[in-house]
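Please examine the structure shown here together with its sequence. The briefing that follows treats selected helix pairs and individual residues in turn.

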Amino acid sequence: MAIADMQENNKWGFVNSLILHTRPVLVPAKALRFTHTFGLGGMSLVLFLMLISTGLLMIFVYEPSPERAYESILFMQQEMLFGRLIRGVHYWSANLLIAVAVLHMLRVFLTGAFHAPRRANWIIGLGLLFLIMVSGFTGYLLAWDQISYWAITICTEMLGYMPGIGQTLQRVILGGAEIGPATVINFYALHTIVVPLLLVALMTWHFWRVRLAGGVVVPRDTEENAQAGTDYVPYIPNLLLREIAVGLMLIAFVLVIAIFFEAPLGEPANPGLSPNPAKAPWYFVGLQELLLHFHPLFAVFIIPLVVVIAVVRVAYLRYDADLSGNWFLTPKGRRMAAVAATTALLLTPLWILLDEYAVGPVGWFSSTAPVISNGLLPCTALAVGVVAFYMLIRKQFNASKNETVQALFVLLVVGFTVLTVTGVWFRGAGMALVWPWQT
Ligand code: HEM
């Protein structure tokens, strides 16, 4: 439909033009299919709005001090009108937001939507993901119960392992040598003001860049896509109605979860009594699991640093062709991704078991210093394995660079997911390996 025809039929001129400042006038019919994006970016926005609205209600009751924090949460749960529900919605939205934003990032990657002109948005997205994690992390402590107190203790101890700046960073974040009143104030200010403002600014930029790139990446013509046609259709009502439907279903889902599963609240924080096991929040458990296998210098600094550099660089590599638009790029890309996922699903647990039962805490060569036997050597072995995988799979499938980089990405993501699942469900007292029903 031509834009002039649309304007002719436009009964909601003012509202429409307001909406169309943020969204494209026409969208490709092919991109309307739900499975193209699963609406994950929009869902992240809805979850963020739910966080802001429930957070705004909670600040009327919450008191940011070690003496009053836990009591004020109890008050919220027991005395405040709809307090239990509001806290539940806040808790579940926060956890879902992290999961949904990660899935959105995977969608963007696996449809190759991070190439120019969307490169900058990939980097902005990484910034958003970082801020969402900081938001979750700083909010975690505020309940001031045993779970949150010790989870944050574990995480800030991890920070301390960073060479050079680690100790200083730890002191700045904690506002002193250990978790105390200054930490609660720091986390409260970051959680309720600084991070939300940064998120709003970055999100606005993110959405503007989506608009600048002409909307989401368009599926390339395959036989299947050709049937859907290459027509453009007006954003209003086609995509708008779909977005509203997804948003409403998500809100209903979070409400139901919050009604049936109360946000956890353990015993009040007791700095003298560490629970066993003491685990980081689930989104940092993968890192905590790495700490069990590698020297801290490698687990919390070198490996994450290499991963962050790689994830940033991935958008700026020189690729063979522009294959963006379809899930897994090509049918070959899909097969390679399946091989990569299976390899990670088999090798990561094998590595964990080998390290746990055959090698032990001393390291691969007990005669050398721990930083070598537990850090340099296993990390070199890992790096050699990853490079070998890249070369082998590329040769075996006679694949393009795009498909091979994608396979490598899948290998690492599935590997890290296995680490996280192991840390959450298969670690018991003393962080020993156990079955989930024994934790
Ligand atoms: C609070 C977090 C985020 C919000 C609210 C958000 C929102 C959105 C929305 C609404 C879109 C339009 C298409 C869609 O729904 O998929 C989008 C596209 C995009 N996002 Fe995000 N996003 C977030 C995080 C991220 C992250 C973590 C990344 C990657 C590191 C990312 C990278 C991108 C890119 C490259 C596009 C363009 C994709 C395309 O054209 O197909 N975003 N985002």
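Helix α6 (residues 83–110) and helix α17 pack at an angle of about 160°, their axes being 11 Å apart; α6 is therefore roughly antiparallel to α17, a description applied to angles over 145 degrees, while those under 35 degrees count as roughly parallel, 65 to 115 as roughly perpendicular and the rest as oblique. The model is a predicted one, in which local features need pLDDT of at least 70, side-chain atom pairs count only at pLDDT 80 or more, and totals for chains, interfaces and linings use all residues. Residues are numbered from 1 along each chain as its sequence is written, and side-chain values use heavy atoms, with hydrogens and water left out.

**Helix α6 against helix α17**

- Of the residues in the contact of α6 with α17, eight are nonpolar, one is polar and none is charged. Here Ala, Val, Leu, Ile, Met, Phe, Trp, Tyr, Cys and Pro count as nonpolar, Asp, Glu, Lys and Arg as charged, and the others, Gly among them, as polar.
- Helices are DSSP runs (H or I, at least four residues), as strands are (E, at least two), numbered from the N terminus. Axes are lines fitted to C-alpha atoms, for helices over the stretch in contact, and angles run from 0 to 180 degrees between N-to-C directions.

**Helix α14 against helix α16**

- The axes of α14 (residues 296–313) and α16 (residues 370–397) come within 9 Å and cross at roughly 30°, so the two helices are roughly parallel to each other.
- In this pair, α14 passes α16 in a right-handed crossing.
- L297, F298 and I303 on the α14 side and V371, G375, L376 and C379 on the α16 side make the contact; six of these residues are nonpolar, one is polar and none is charged.

**Helix α13 and residue E289**

- Helix α13 (residues 285–293) has V285, G286, Q288, E289, L290 and H293 as its buried residues, buried meaning under 20% relative accessible area, exposed over 50% and partly exposed in between (1.4 Å probe, protein chains only).
- The cover over these buried residues includes α8 (146–160), α14, α15 (331–359), α16 and α17 (401–425).
- E289 has a relative accessible area of 1% and is therefore buried.
- Beyond residues up to four places away in sequence, E289 touches I352, L419, T422, G423 and R427.
- The side chains of E289 and R427 make a polar contact (2.7 Å). A polar contact is a pair of N or O atoms within 3.5 Å; within protein, one must be able to donate a hydrogen and the other to accept it, and residues adjacent in sequence count only if both atoms are side-chain atoms.

**Residue N121 in helix α7**

- N121 lies in helix α7 (residues 119–142) and is buried, with a relative accessible area of 9%.
- Leaving aside neighbours within four places in sequence, N121 is in contact with H206, R209 and V210, and its side chain makes a polar contact with the side chain of H206 (2.8 Å).

**Residue I173 in helix α9**

- I173 belongs to helix α9 (residues 166–174) and is partly exposed, with a relative accessible area of 24%.
- I173 and T156 are 17 residues apart in sequence and 8.2 Å apart in space, C-alpha to C-alpha.

Terms used:
Left-handed = near helix turned anticlockwise from the far one by under 90°. Contact = heavy atoms within 4.5 Å.
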